[in-house]
Amino acid sequence: MTPRIAVVGGGMAAARFAERYGALGGAGAVTVYGAEPRAPYNRVLLAEVLTGRYDAESIALPLGGASARPGCEVVALDLNARTLGLADGTVEPWDELVLATGANPVLPPVRGLRRTDGYGLVEGVHTLRTLEDCARLAEEAVGAKRAVVIGGGVLGVSAARALAALGVSTEIVHQAPYLIERQLDPEAAAVLRERLQVLGVDCYTGNRARAVHGGMGAPPAEGWGRVGAVELASGYRLDCDLVVLACGTRPRTALAHAAGLPVNTGILVDDRLAAAPHVSAIGDCAEHRGTVHGLAGPAWEQADVLARRLSGAEPEARYPGTSPRARLSTGDLEYAAFGTVDETLDPGLDVLRLADATRGSYKKLVLRGDRLVGAILLGDLATVDALAGAFADGGALAGHPLHLLTRGTAMTGEAR
């Protein structure tokens with residue numbers, strides 16, 4: 001009998017698994033259940049949809065031969081009967097279950113964000129996690145003059161750049177001392193900040209948003225309509241028409257928890273990506289060896305491993321974890337980061353750093369002897385493929401490491 005594989009969640013990890021399972025010749029009938037009204041799409045490109053560079057259809061993801069069931073929210077799992085329950089009351093059987101439920105946006109502890117009637121956020125306050133979020137934000141951005149983005153990570157920087165491209169004066173409020181602190185170092189973040197300023201984005205790093213206020217100074221949830229300002233912990237206020245919350249995500253685990261699956265921060269999985277017999281989890285909802293990655297790259301690697309295992313192409317396939325790496329390309333801003341970028345964590349590390357102030361680029365290699373352990377490229381990704389290749393090969397370098405940073409460009413720099 002052909003095995004029935006149910007994939008719960010219609011995001012990027014789900015689509016990758018379905019496509020790879022089919023490409024590897026998996027004999028099972030794969031069904032992807034998604035709560036959103038659209039089939040899976042590339043969530044990484046939402047900021048580019050906001051600017052109009054892409055439309056919703058152009059970021060759709062292939063599913064191979066899988067069946068997509070968008071708008072079908074799974075609300076219950078029965079692991080003993082191997083069935084799942086949909087919001088419309090339908091019960092569907094499965095032989096293998098893949099949980100790819102993703103993550104929800106984190107709402108920061110900022111006063112005045114929520115409506116007093118309990119129905120969502122006050123007018124003018126947005127998250128940016130789905131195409132529906134993107135459509136609502138794009139509609140309101142048309143008449144907006146000023147926006148505040150709370151959160152200066154990858155999503156916050158992307159959203160701010162997109163709003164600025166739409167002609168909205170934008171400010172980022174970020175609690176950490178510099179932007180994208182998990183993937184960049186202070187020097188790279190300073191270059192990024194300068195490039196954002198050129199694009200019309202100001203940054204308030206080392207600051208915390210304390211409250212949002214309506215146009216007349218009172219909380220909008222108390223009857224003053226839409227948001228009119230963001231108050232910082234210092235008491236300083238930033239006037240605005242829009243607020244975008246980009247404060248990270250939290251794994252969606254309620255469904256798994258209710259079914260009795262092991263849950264910590266995410267759904268606990270082993271190296272097979274299994275959470276229980278015939279049940280696996282991948283992507284933003286999965287916690288492997290104490291880590292929830294929350295990035296597209298590791299999610300796709302997990303999907304690839306699980307597809308190899310469940311398709312029979314490699315029954316003993318295992319996921320060893322993912323070395324830290326990230327890449328962002330949004331309009332005029334692009335960077336890539338690999339491995340350890342903070343050399344102060346280990347006195348045995350050396351650094352090769354190159355900067356070009358006129359071009360707004362910054363490049364850094366972190367080395368242990370003749371091995372590459374980390375890197376940052378910002379503003380010039382001409383050598384990113386060679387860098388990624390060296391990192392993927394365990395960091396072994398052939399020749400002087402300078403060749404990984406330069407392609408005949410004149411740079412100023414330092415090495416130590």
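This is a predicted model: local features need pLDDT of at least 70, side-chain atom pairs count only at pLDDT 80 or more; totals for chains, interfaces and linings use all residues.

Colleague: Why is Ser-329 called partly exposed?

Modeller: Buried requires under 20% relative accessible area and exposed requires over 50%; Ser-329 has 43% relative accessibility, so the residue counts as partly exposed. Ser-329 belongs to strand E22, where, together with Arg-325 and Arg-327, this serine makes up the uncovered face, while Ala-326, Leu-328 and Thr-330 form the covered one.

Colleague: Which residues is Ser-329 in contact with, once its neighbours within four places in sequence are left aside?

Modeller: Those residues are Glu-48 and Glu-334, where contact asks for heavy atoms within 4.5 Å. As for Ser-158, which is 171 residues away along the chain, its C-alpha atom is separated from that of Ser-329 by 8.8 Å.

Colleague: What makes the buried residues of helix H8 lie on the same side?

Modeller: The buried residues of H8, which spans 384-392, are Val-384, Leu-387, Ala-390 and Phe-391. They cover an arc of only 130 degrees around the axis, and therefore they fall on the same side of H8. The face turned away from that buried side carries the exposed residues Asp-385 and Ala-392. Strands E22, E23, E25 and E26 are included in what covers the buried residues of H8, and just after the helix Gly-394 takes a positive phi of about 90 degrees.

Colleague: Why are strands E13 and E15 said to stand at the edges of their sheet?

Modeller: The open sheet has three strands in the order E13-E14-E15, with antiparallel pairing. E13 (209-214) and E15 (237-239) each have a single partner strand, so one side of each is left without a neighbour in the sheet. From one strand to the next, the twist averages 25 degrees.

Colleague: How many bridges join E14 to E15?

Modeller: Three bridges join them, and with at least two required, E14 and E15 therefore count as paired. Ala-229, for instance, has Asp-239 in E15 as its bridge partner.

Definitions and conventions: Residues are numbered from 1 along each chain as its sequence is written. Side-chain values use heavy atoms; hydrogens and water are left out. Helices (H or I, at least four residues) and strands (E, at least two) are DSSP runs, numbered from the N terminus. Axes are lines fitted to C-alpha atoms, for helices over the stretch in contact, and angles run from 0 to 180 degrees between N-to-C directions. Buried means under 20% relative accessible area, exposed over 50%, partly exposed in between (1.4 Å probe, protein chains only). The arc is that of the directions from the helix axis to the C-beta atoms.
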